[in-house]
There are 2 protein chains.
Amino acid sequence: MDDIARLVGVSKATVSRALQDSPLIADETKKRILEVARSNNYVVNRSAQNLRRRRTDTIGLVIDFPSLPEHRLSDPFHFELLGNIANALAARQQDVLWCSPQSAHAGGFENLLANKGVDGIIFIGQSGHHSELRALAKVGIPFVVWGAHRDDANYCVVGSDNLLGGRLVAQRFRKLKRKRPMFLGPKGHIEIDQRCNGFAQEWGSTIEQLEVADLSFMTSRNAVLAWLDSGKTLPDALFAGSDTMAMGALAAMRERNIEVPAACSVCGYDDSPSALHHSPALTTVRQDTRLAGAVLVERLVQIIQGNPAASVLLPTDLIERAT
Amino acid sequence: MDDIARLVGVSKATVSRALQDSPLIADETKKRILEVARSNNYVVNRSAQNLRRRRTDTIGLVIDFPSLPEHRLSDPFHFELLGNIANALAARQQDVLWCSPQSAHAGGFENLLANKGVDGIIFIGQSGHHSELRALAKVGIPFVVWGAHRDDANYCVVGSDNLLGGRLVAQRFRKLKRKRPMFLGPKGHIEIDQRCNGFAQEWGSTIEQLEVADLSFMTSRNAVLAWLDSGKTLPDALFAGSDTMAMGALAAMRERNIEVPAACSVCGYDDSPSALHHSPALTTVRQDTRLAGAVLVERLVQIIQGNPAASVLLPTDLIERAT
DNA sequence: ATCACTTTTGCAATCGATTGCAAAGAAGCG
DNA sequence: CGCTTCTTTGCAATCGATTGCAAAAGTGAT
């Protein structure tokens, strides 16, 4: 920057202001400076800028999946969400720093800001860390989380309305005149529990649950196979906590020649591509990841600017398809 | 840091060295400093550190898909790759800055380093930007790209052996005694072209290609439907350029009651989860994303340290499944 | 030409670390 | 005890911007 200043014959301060398009600088001067800067292809040094401004225009993204093996992001849903968050941030000239859960957690979340040099954090999935997040909020670190709502959250959580999603599925099963629905999914996973509860609420009674240990295709397939082979009566409708689990169930049913949807109607959750691509196409509950990304970012920016932001419950809708 | 120095009764320089675990500092002093630093939960300011060190320990990840609508990362393969790159970098204490293609390209790739403050760049997919990348390499910016090999690349590209992948598929079709194979995929997409060429090489003659405009499920499904309805003779083996396209083809075949694999054997590419979950399970060519991530990172680190690194061709293998 | 304003520019401090070099302290040896 | 050598520590410059405040230049009215 010194060089540019010398070349143009002004001071460093003037160059800095010109590059920021400050109204303090005369248009003519500004033009001259920008000209020279461009032709010498100079760009401001981000590190120096960050230091001086005490702000990095970068936010940290922490994806935490204690439930997934080896921290692999298998679920396409999260991928979509991620991409949309990145886009929403890019639109605001902010960058995304991907913090692996290991490294993020190593220094403790409260150090993440100074440590990684980010202005705020987006947590995807708060599952096991609720109390830590509460503490974080107390310290005043700007962050938002994607996940399920809970009354005792003193921080901003954005999530889709899992209760509503469950209810929509119940409505569909009722419309299809199903009598004996079953829920497929793990217990203790807060978002999935809410889907199940929403269903029960709307259905008017508790729902039988085929419990599985994780969210994977194979686990669900095996669980459903075991159920089918156990001789228990077949439900006439199955609500799976996610599309991946639904696909597992569908695979099992095909293997045992259960007609879908004739013998058993199936609903998934997430509207992942594979749900659409399956034949018969899987009925599922859609979460609007584009909106989700936009809202997460908007709230976080609010918070960074010092204005508290309330949690948001995003709408969901049922995509009726063949199953 | 000044505060910590005062608290311990040493100079700032000593604190800085102690925190870096420098051998210059006596163990006893070091311990005292670390103690105080921790109890005051002090962490070094990343921005200042970056500025002084002229290094950020952060690499930029640019995912560029001119071919995908709205910059959506629909393909699970890239998601996997991404996760594995992040893990490989985390293992080396490096962070990942996700650069959206828009913002990355806006300032021009050559400014990405200073502009975003990253030490190097990983490009996923070089498709349209070959000449820009050549220029980048000339300027001496450290980067690696994931993609297809080409002779005129003066930069380090890591990619899987698409030619080999194509050959493996040809071998399988021959083993299955198929006579009239067809290739499904777009033309002009360098990696997919290589897959097709590898097939033709091994098969011993060119292969008929059902050309599609993009990589999507629907486009492939529709193309295959149109083919089936056109009355042309059905191929007895179909090699799709990606799993997603293969799934589209399978959907079309199911709709027209073509028996797979009896009437037509099908191979995909990528080993995406949906390939495994489909029934019948899709035969596909696996790319080892974990290895890919590790190699990309290792090469980039090499280059950042000033040692040139050669391109790498990663092995692939065929996963034989029902189709 | 002087004065009061307004518009532009520059000076110099500052952000928070890292590091070369010199100095202080400790240890070893004759 | 004096001298050399090695181990520890501190001083102060430096990385490359941003910004409050003061100074200079320009404008217009008297």
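The residues of the surface near DNA strand D divide into 13 nonpolar, eight polar and six charged. Here Ala, Val, Leu, Ile, Met, Phe, Trp, Tyr, Cys and Pro count as nonpolar, Asp, Glu, Lys and Arg as charged, and the others, Gly among them, as polar. A residue is near the strand if one of its heavy atoms lies within 4 Å of it. This is a predicted model, in which local features need pLDDT of at least 70, side-chain atom pairs count only at pLDDT 80 or more, and totals for chains, interfaces and linings use all residues. Residues are numbered from 1 along each chain as its sequence is written, chains are lettered from A and ligands numbered from 1 in the order written, and side-chain values use heavy atoms, with hydrogens and water left out.

In total, 27 residues surround DNA strand D. The closest are Ser16(A), Arg52(A), Thr14(B), Arg52(B) and Arg54(B). Helix 2 (12-19) and helix 4 (46-53) of chain A each supply at least two residues of this surface, and so do helix 2 (12-19) and helix 4 (46-53) of chain B. Helices (H or I, at least four residues) and strands (E, at least two) are DSSP runs, numbered from the N terminus.

Now the atoms. Of those of DNA strand D within 4 Å of the protein, 58% belong to sugar or phosphate and the rest to bases. A phosphate oxygen is 2.3 Å from an N or O atom in the side chain of Ser16(A). For the side chain of Thr14(B), the distance from an N or O atom to a phosphate oxygen is 2.5 Å. A polar backbone atom of Ala48(A) is 3.5 Å from a base nitrogen.

Helix 4 of chain A and helix 4 of chain B also each supply at least two residues of the lining of the largest cavity, as does strand 2 (95-99) of chain A. A cavity is a set of points, on a 1 Å grid over the protein atoms alone, where a 1.4 Å probe fits but cannot get out; lining residues have an atom within 4 Å of a point. The lining has 17 residues, with Asn50(A), Lys116(A), Gly117(A), Asn50(B) and Gly117(B) nearest the centre. They divide into two nonpolar, ten polar and five charged.

Turn to chain B. Six strands form an open sheet in the order 7-6-8-9-10-12, with mixed pairing. Strands pair if DSSP finds at least two bridges between them. Strand 7 (208-211) and strand 12 (316-319) stand at the edges, each with a single partner strand, so one side of each is left without a neighbour in the sheet. Four bridges join strand 12 to strand 10 (residues 283-287), and the two run antiparallel. Thr284(B) stands opposite Ile319(B) in strand 12.

Conventions
Polar contact = N/O pair within 3.5 Å; in protein donor to acceptor, adjacent residues only side chain to side chain. 1 Å grid on protein atoms, 1.4 Å probe; cavity = no way out; pocket = protein on both sides within 12 Å on 5 of 7 lines; lining within 4 Å.
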